[in-house]
Amino acid sequence: MVVIIIFLDANLHKPMYFLLANLSIIEIFYTTSVTPNTLKNFLSKDRTISFIGCFTQVFFFAALGSSECVLLSAMAYDRYIAICQPLLYSVHMNPICCFQLVILSLTIGFLNSLIHTVSLAILPFCKDQIIQHFYCDFPQILKLACTNAEPHELVSILVGGSVITGSLFLTLVSYICILRAVFSIHSSHGKQKAFSTCGSHLMVVTLFFGSVILNYMLPGSMMYNVQKKVISVMYAVMTPLINPMIYSFRNADFKKAINKKMVERKKVAFKQV
């Protein structure tokens, strides 16, 4: 719905909504890499997955998740330019720049995932081959290796951690600059408008980065427990589910576009009758 509305409404052909449409597309494939197989396991006694299928899931889940991290920081940069440098917005956030930001997000995400997947696939697996998770994830598969997995854990922390923390750092810097600019606004209406513009994005960032850091960046992240399985649901299922709701119901321009399309649809239906 988000992608279709943005595509159809000319008033939404702006950098912010271009990035939002790409975020929606990434999240469609991101959650699709996990959810269908998980639902199948709920309904079937056969919960096996092939070696190729498992590593395919690992690759795309990590690639699209990393891409989302980088894209969220790009969206924070977009809001920073819009609020702190509005006169230069059309210069900095031109169509070419927006396209490059999306390509950069995907490139970093897929390279990060490729390094993780290759370092994992070359390991020998000879243990019980039971994955203590509802999908194939790097830490749980790493526990099944027959050899010393510490070098591969180090690769995971250094490479994956740099993408997560780097994206989070850029996002926080953007929002610190935004808050400084907002507090300097004398008009209460101007402050309210600025906060409402960034509120939905900040909510998504908090949910997504918070749950990812809890699962992958804290000490003992390679160890399995039930709490981590619950946290995984937040960034694998819940965040992609609530993102469209947050962006549509908390955005005035988007709600106007939806209402406009509904009115147009009713007019067409009336003419057909």
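The model is predicted: local features need pLDDT of at least 70, side-chain atom pairs count only at pLDDT 80 or more, and totals for chains, interfaces and linings use all residues. Residues are numbered from 1 along each chain as its sequence is written, and side-chain values use heavy atoms, with hydrogens and water left out. The chain holds eleven helices and zero strands. A search of the whole structure finds one disulfide and twelve aromatic pairs, and the structure holds one salt bridge.

**Overall fold**

- From the N terminus on, the elements run α-α-α-α-α-α-α-α-α-α-α; helices (H or I, at least four residues) and strands (E, at least two) are DSSP runs, numbered from the N terminus.
- Of the 273 residues in the chain, 43% are buried, where buried means under 20% relative accessible area, exposed over 50%, and partly exposed in between (1.4 Å probe, protein chains only).
- Among contacts (heavy atoms within 4.5 Å) between residues at least 6 apart in sequence, 71% join residues at least 24 apart.
- The accessible surface of the chain is about 15100 Å², and 71% of this surface belongs to carbon and sulfur atoms; accessible areas come from the Shrake-Rupley method with a 1.4 Å probe, and for residues only the protein chains shown count as cover.

**Cysteines**

- A disulfide is a covalent bond between the sulfur atoms of two cysteines; here the term is applied to a pair of cysteine sulfur atoms within 2.5 Å.
- Cys54 and Cys136 are joined by a disulfide, with an S to S distance of 2.1 Å.
- This pair links distant parts of the chain, 82 residues apart: Cys54 lies in helix H4 (residues 51–84), and Cys136 lies in the loop between helix H6 (95–121) and helix H7 (138–142).
- The disulfide of Cys54 and Cys136 is left-handed because the torsion about its S-S bond is about -125 degrees.
- Cys54 and Cys136 are both buried.
- The sulfur of Cys177 has its closest cysteine sulfur in Cys84, at 5.9 Å, which is too far for a bond.
- Cys177 is partly exposed at a relative accessible area of 27%, whereas Cys69 is buried at 2%.

**Aromatic residues**

- Rings of Phe, Tyr and Trp (its six-membered ring) pair if their centres lie within 6.5 Å; planes under 30 degrees apart count as stacked, over 60 as edge-to-face and the rest as tilted.
- Among the twelve aromatic pairs found is that of Phe59 and Phe60, an edge-to-face pair with 5.1 Å from centre to centre and 80 degrees between the planes.
- Phe59 is buried at 18% relative accessibility, while Phe60 is partly exposed at 36%.
- The pair of Phe134 and Tyr135 is edge-to-face because the ring planes lie at 75 degrees, with the centres 4.9 Å apart.
- Phe134 is buried, with a relative accessible area of 17%, and Tyr135 is buried, with 3%.
- One aromatic cluster is formed by Tyr30, Phe61, Phe134, Tyr135 and Tyr235.

**Salt bridge**

- Asp78 and Arg79 form a salt bridge, and their closest N and O atoms are 2.8 Å apart; the term denotes a side-chain nitrogen of Lys or Arg within 4 Å of a carboxyl oxygen of Asp or Glu.
- Asp78 counts as buried at 1% relative accessibility, and Arg79 counts as buried at 8%.

- Thr117 lies in helix H6 and is buried, with a relative accessible area of 10%.
- Thr117 is in contact with Phe55, Val58 and Phe59, leaving aside neighbours within four places in sequence.
- Asp253 is found in helix H11 (residues 252–272) and counts as partly exposed at 36% relative accessibility.
- Asp253 touches Leu12, Lys14 and Tyr17, not counting residues up to four places away in sequence.
- Asp253 and Leu12 are 241 residues apart in sequence, and their C-alpha atoms are 7.6 Å apart in space.

**Nonpolar surface patch**

- Val233, Met234, Met238, Leu241, Met245 and Phe249 make a nonpolar surface patch of about 530 Å².
- Patches are made of residues with over 30% relative accessible area and no salt bridge: like charges are joined within 9 Å, and nonpolar side chains (Val, Leu, Ile, Met, Phe, Trp, Tyr) within 5 Å.
- Met245 is found in helix H10 (residues 226–249) and counts as partly exposed at 44% relative accessibility.
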